[in-house]
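This report describes the sheets, helix packing, cores and selected residues of the structure shown below.

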Amino acid sequence: MFNIILFVIIIDVIKALNRDVNTFSNYHEIQIHKLHIEWLLDLNQKIINGTAEYHFNVMKNNIKEIHLDIYQLDIIIVYDYNTGTVYKHEIQYMGEQSLKQGDILKIYLPKSYNNGDQIKLRIKYGVTEKARALSFMTKEQTESKVLPYLYSYCQDNNCRSMIPLQDTPSIKQYFSALVLVKDPRIKVYMTGNLLEGKPFNRMNVYTESLTEYHISLDIKIPSYLLAIVAGNLEQRKVGNQQTSRSYVITEPTSIDRVALELEFLQDYVDALSNYIGPYEWGDYKIVILPPSFPLGGMEHPLLTFASPTIIVGDKSGVGVAIHEIAHSWVGNTVTCSDWANMWINEGFCTFLERKILEQYNGADYSKMYSFLSNDTMFQQMARYGMDHSYSSLHPNTSGENPDDSQSEVPYNKGYQLLVYIEQQIGEQNFQKMLQQYIIQFKWQSIDEDIFYRYLLSWISTNLGKEHASLKEIKTIYKEWVYVPGKPPRQLDFHTDAYDKAMALAKAWLDNKGDKVPDNAEDYRNYIYYQKQQFLNEIATKYGDMTDKNYKLIDQTYQLSDQKDSRLLYRWLIGCLRGKFYDRMEVIKNFMGTHGARSWLVNMYETLFKDKPDVAREWFTEFRDFYHPSVVDALENGIFKNSIKKIEQ
């Protein structure tokens, strides 16, 4: 009871302030309505010359300052949009917060402004490879090895490292860009539509010949959804060439296999539309990025990013694509108001993803997926501590980089809450509720309490004020959201497929590597998540494994040689835990060619416990390959105080 009371008190205080704790901006007083940027990219020097143009709406009276979030940006000048009058500005450095969440750009206005006024100004600034949102890659680091490459990753609050802005999901703005490159072979894509002609005038004068890309988005989005990718890229329509509006983008060397793997992309968009409502964003495009991308995917409108690990040849990785498409409704259309409410994006999205996967692959597939994700979530909760707020659906990220709270918790604890509500009101009713929820909060940023009140109102209006579900939802909802640890109600994701995978793992564990079990060949016919469950069990029970066992399992299934990176990771993390080092070259190669943050953190933590010198040596060798957010997580985690940070 104490925990519940404590967390309710904390959240009541936060709601009273009604403020995103992970932005320094004064967004309650003045808000960006429209943002236009002009960027001159120099991918060889790893710098961007930037100018940002802002249209602000003033929300309160007597406003004399604008506060924007920045991270390691070189601010050159702030000036009036129309007259060119220079505005005084200063950077307020935030001490230990500078490298966690950045600093404040304070702009002093020449007069007071009141509610309803508009302000237009520009900021000239420079971006370097210190920007933790950006990954600058040499041509040698790419697959085609022809041109340098750039991609961004702004979630949670990293956009402030490439544009001064109000870096909070509470604020949505219209966005447009003029991007210039010196090498005409470099193709550029950003969040939004690539425009015909040259509708935007340059804000700066350049002496050299430059190729221009004009991009615009006429739907407001929060800052974390801004994205860029630039390099040797090719775009190709997939699916029916007459009716499809879906495209893949990647390096020309892999465009054929990517297009084949994602040939049903439009079908996934249509399946989600049939369940949740119309797709509002026009085209759908997915970029398969280089291996250093730190996540499975990222849902920027009209420019989804995905890891190459989803391209495995058998379409078993398309769940990531479906998940990111689902964000077109939950996340991009209806958005969490801050990172303490991330489950409003990810829990809903996971629910939609698994609904569609069940349509394509059956109930066992979806249940096995849920079971495995649940198991991963509990492991992460144990690592945080079952009483830590990061083990709740409402993490306290005050004074912290909210990236540090990212885990399976908002995905799976949120998903399970929605499944439980669905069980209480019925599948058809739940689907109707979700469809109307999207309509009700379209283009808005909301928190869990807004959804909670909407849910209760919807049930009362459509199912009756005395509907049995109301009492149970009122009983469990706030505890499910705010109290860390396991949910107050446990859901059953058990299947026969799970039992078979566990039986095979037990057979291998029992024989200690003396012989191949009689049921060993069953593995080859398993669905993907059965294979994952088998490997997870082997990795978890590493204390019962022997070197003979590892060798025989590897020999039987050629696990160290498999092409599916997701399965290979689960095998290799088990080898590290069990100190089976016969395949160290495979482990090293994997850690030097894959950028997934969760994988690398787990592998380095495990390796460091037994072989700290090897872990430090490998990290130093591969550091330049990793995305800045991964470097930050490792340097401030397992390697803190053990490796001198290299100046970017």
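Helices (H or I, at least four residues) and strands (E, at least two) are DSSP runs, numbered from the N terminus. In these terms, Lys46 is located in the loop between E1 and strand E2 (47–58). The model is a predicted one.

## Backbone features in loops

The phi angle of Lys46 is near 60°, a positive value in a residue other than glycine. Gln72 likewise has a positive phi, near 55°, and is not a glycine. The loop that holds Gln72 runs between E3 and E4. With a relative accessibility of 27%, Gln72 counts as partly exposed, because the partly exposed class lies between the buried limit of 20% and the exposed limit of 50%. A further backbone feature is the cis peptide bond between Gln155 and Asp156, with omega about 5°. Asp156 belongs to the loop between strand E9 (149–152) and E10.

## The seven-stranded sheet

Strands E4, E7, E2, E1, E10, E13 and E12 make up an open sheet of seven strands in the order E4-E7-E2-E1-E10-E13-E12, with mixed pairing. The edges are taken by strand E4 (74–80) and strand E12 (193–194); each has a single partner strand, so one side of each lacks a neighbour in the sheet. Within this order, strand E1 (residues 30–42) and strand E10 (residues 173–181) run parallel and are joined by eight bridges. In this pair, Glu38 stands opposite Leu178 of E10.

## Antiparallel pairs around E6

Strand E6 (residues 103–113) pairs in the antiparallel sense with strand E3 (residues 63–70) over seven bridges. Here Asp103 of E6 has Ile70 opposite. Strand E5 (residues 88–92) also runs antiparallel to E6, the two being joined by five bridges. In that pair His89 faces Ile107 of E6.

| Strand pair | Sense | Bridges |
|---|---|---|
| E1 and E10 | parallel | eight |
| E3 and E6 | antiparallel | seven |
| E5 and E6 | antiparallel | five |
| E18 and E19 | antiparallel | two |

A second arrangement may now be considered. E18 and strand E19 (residues 304–306) run antiparallel, with two bridges between them; Gly297 has Ala306 in E19 as its bridge partner.

Ser328 is placed in the loop between H4 and strand E20 (335–336). Is Ser328 buried or exposed? Its relative accessibility is 4%, so Ser328 counts as buried, the limit for that class being under 20%. Leaving out residues up to four places away in sequence, Ser328 touches Tyr279, Trp281, Tyr284 and Thr333.

## Packing of H5 and H7

Two packed helices are described by the angle between their axes and the distance between the axes. For helix H5 (residues 343–361) and helix H7 (residues 409–425), the axes come within 7 Å and cross at roughly 65°. This crossing of H5 and H7 is right-handed. Residues of H5 in the contact include Trp343, Phe348, Phe351 and Arg354, and those of H7 include Pro410, Tyr411, Leu417 and Glu422. By class, the contact of H5 with H7 comprises nine nonpolar, four polar and four charged residues.

In soluble globular proteins, nonpolar side chains tend to be buried together. The largest nonpolar core of this model has 206 residues, of which Leu41, Ile163, Tyr437, Phe451, Tyr604 and Tyr626 touch the most other members. Apart from this core lies another, of six residues, among them Leu178, Leu180, Phe200 and Leu210. When neighbours within four places in sequence are set aside, the contacts of Tyr626 are Met591, Gly592, His594, Leu600, Tyr604, Phe619, Val631 and Leu634.

## A residue of H11

Ala507 lies in helix H11 (residues 496–511). Its relative accessible area is 21%, so Ala507 is partly exposed. Not counting residues up to four places away in sequence, Ala507 touches Pro517 and Asn519. Ala507 and Asp582 stand 75 residues apart in sequence, and their C-alpha atoms are 23 Å apart in space.

How values were computed:
Residues numbered from 1 in each chain as written. Predicted model: local features only at pLDDT ≥ 70, side-chain atom pairs only at ≥ 80, totals over all residues. Heavy atoms only, no water. Pairing = 2+ DSSP bridges. Axes fitted to C-alpha atoms, helices over the stretch in contact; angles between N-to-C directions. Left-handed = near helix turned anticlockwise from the far one by under 90°. Contact = heavy atoms within 4.5 Å. Nonpolar A, V, L, I, M, F, W, Y, C, P; charged D, E, K, R; others polar. Core = buried A, V, L, I, M, F, W, Y, C linked by side-chain atoms within 4.5 Å. Buried < 20%, exposed > 50% of the residue type's maximum accessible area, 1.4 Å probe, protein only.
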